[in-house]
Every structure is written in structure tokens, then in C-alpha cells.
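Student: Could you take me through a close look at the salt bridges in this model, and at where their partners sit? I would like one connected account.

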Amino acid sequence: MLVTGTDTEVGKTVVTAAITAAAQAAGLRVAVVKPGQTGTATGEPGDVDSVTRLAAPLTGRTLSSYPDPLAPLAAARVAELEPLELYTAVDAIRAEVDKHDLVLVEGAGGLLVPMGLRPSGEAWTVADLAVSLGAPAVVVARAGLGTLNHTALTLEALERRAVPAGVVIGAWPAEPQLVHWANLTELVPNLLGALPAGAGSMDPGVFRRSAPGWLTPDLYGVLDDWRTWAEDAG
């Protein structure tokens with residue numbers, strides 16, 4: 001399952017951790033794979049480290065890492081490092097499929113960010129990876145203004161590639177405004193979950209116990225009634 005987003009900093013890593021926690025609570029063996037990690041020169045933990053802290057997947061792997069906070073292909077070129085080749089990524093992910101019940105692949109930025117190179121020298125994206133793997137996608141979206149257009153464009157790009165997809169709101173505000181409720185109404189037909197803002201700062205034990213309540217059964221959670229959820233959230 002590919003976890004992508006409408007943009008950068010929308011909550012992909014925390015959503016990946018929540019799906020991991022919910023799936024493991026349901027008894028699944030979960031692997032998390034990050035094809036391209038950037039911005040590692042700061043010395044901060046990478047996204048797989050964050051998922052491991054919150055949800056402790058059975059396996060966590062980063063396939064390539066680059067120091068500059070850029071799109072992975074651009075970061076590789078700036079650092080004069082080898083870009084990740086598409087089928088190297090595909091083979092590495094499929095190797096984890098053989099050993100786990102669920103493999104979550106977290107992208108970088110949005111769906112069409114250049115991730116690396118094909119053998120032909122052409123750039124590939126998370127969308128290309130989803131097609132190559134035959135995997136469905138989870139689109140992490142913002143709750144606020146602008147999200148409807150960005151989400152619709154991402155879903156349309158996936159639909160054109162015959163990639164099944166649903167949406168998770170990456171950070172639902174503690175005090176939602178009219179725009180958030182209006183957006184929620186529009187997103188509900190495709191919505192598979194909504195995480196509270198600040199979920200990534202929770203104690204890991206609290207995070208793991210709470211995660212199934214943020215996600216629908218399609219993502220191994222227990223959230224099955226958006227009307228009740230909205231009343232509780234309001």
C-alpha cells in the first residue's frame with residue numbers, strides 16, 4: 001500500500017504510523033519502506049525512525065537517503081549520489097511482501113515528485129511505483145483551505161492510472177472552523193480516516209491504542225460512522 005500526499009508536510013509519516021499500529025493491533029505483520037529519504041544532513045531521525053518510535057513495525061527500511069531537503073531525484077543530483085532506480089525499489093519492496101502481511105511504502109512530497117531514474121534515464125514517481133507494484137494508495141490531505149482542489153487532482157491522477165485510492169486527513173484541528181467542516185463533507189465519500197492534530201507527539205503507547213479509532217475498517221481501524229465521529233469531534 002502506497003502512502004502519498006497532496007503536498008509535503010501533510011502528515012504522511014504519522015498516517016503511515018497509524019495504519020501500522022492499527023494493522024498490527026489486528027494481528028498483521030507490517031513492514032514500512034521509505035524509498036527516498038531527504039534532508040538527512042540535519043542529523044534528525046528519518047521518517048522510518050519516526051514510524052518505528054510511534055508504531056514499532058516488524059520491519060522498517062529506507063532504500064536511499066540524501067542530505068539536502070529536496071525531491072529525492074534532485075537531492076541525489078545535488079549531492080552527486082546515485083539516484084534510486086525504479087526496479088531496484090520494486091524488487092526491494094516485493095522482497096518484504098514475501099515476509100509480511102502488509103507493506104506500507106511512504107512516498108516523498110506529493111504523488112508526482114521525481115523519486116529516481118528508470119533504466120532508460122527517465123524520472124519515475126510514486127505514481128509509477130504504485131503502477132509497477134499493482135498497489136492501492138492512501139492520499140494524505142490537509143483539513144483546511146485548498147485541500148479540495150489538491151485532493152481531487154491527486155485522486156484524478158491515480159484514477160487515470162487505475163490505482164485504487166482513498167483519503168486520510170493528516171491533522172484534524174482541535175478547534176475546527178467552518179472551512180474544515182465544509183471540506184469534511186466533500187471528502188467523506190473517499191475518506192478512510194482522520195488523525196487529530198499533534199498525533200505524532202503522543203506517547204507511543206497512547207498512539208498505538210488510539211490509532212484504530214482514527215481509521216475505517218479499510219485501513220484496519222474501527223471508525224465506521226462519520227456522523228458519530230463528527231459529533232464527538234465537534
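This is a predicted model: local features need pLDDT of at least 70, side-chain atom pairs count only at pLDDT 80 or more; totals for chains, interfaces and linings use all residues.

Tutor: Happy to, and a definition comes first: buried means under 20% relative accessible area, exposed means over 50%, and partly exposed is in between (1.4 Å probe, protein chains only). Residues are numbered from 1 along each chain as its sequence is written, and side-chain values use heavy atoms, with hydrogens and water left out.

Let us begin with D101. At 44% relative accessibility, D101 counts as partly exposed. D101 forms a salt bridge (a side-chain nitrogen of Lys or Arg within 4 Å of a carboxyl oxygen of Asp or Glu) with R29, and their closest N and O atoms are 3.2 Å apart. Since D101 lies in the loop between α4 (86-97) and β5 (102-106) and R29 in the loop between α1 and β2, the pair ties together parts that are 72 residues apart in sequence. Helices (H or I, at least four residues) and strands (E, at least two) are DSSP runs, numbered from the N terminus. R29 is partly exposed, with a relative accessible area of 42%. D101 also has L28 at 5.6 Å, C-alpha to C-alpha, although the two are 73 residues apart in sequence.

In general, side chains of opposite charge can pair when their charged atoms come close. By the salt-bridge rule, the count comes to eight. One of them joins D7 and R142, with the closest N and O atoms 3.6 Å apart. This pair links distant parts of the chain, 135 residues apart: D7 is in the loop between β1 (2-5) and α1 (12-25), and R142 is in the loop between β8 (137-141) and α6 (147-160). D7 counts as partly exposed at 34% relative accessibility, and R142 is partly exposed at 34%.

Another salt bridge runs from D128 to R118, whose closest N and O atoms are 3.4 Å apart. Here D128 is in helix α5 (residues 126-133) and R118 is in the loop between β6 (116-117) and β7 (123-124), ten residues apart. D128 counts as buried at 19% relative accessibility, whereas R118 counts as partly exposed at 22%. Salt bridges that share partners also join K34, D47 and E106 into one network.

K34 is found in strand β2 (residues 30-38), and at 3% relative accessibility K34 counts as buried. UniProt places the feature "active site" at K34, in an unreviewed entry. Strand β2 also holds T38, which is buried with a relative accessible area of 19%. For T38, the unreviewed UniProt entry lists "binding site". UniProt positions are given in the numbering used here, feature names are shortened, and annotations may be inferred rather than shown by experiment.
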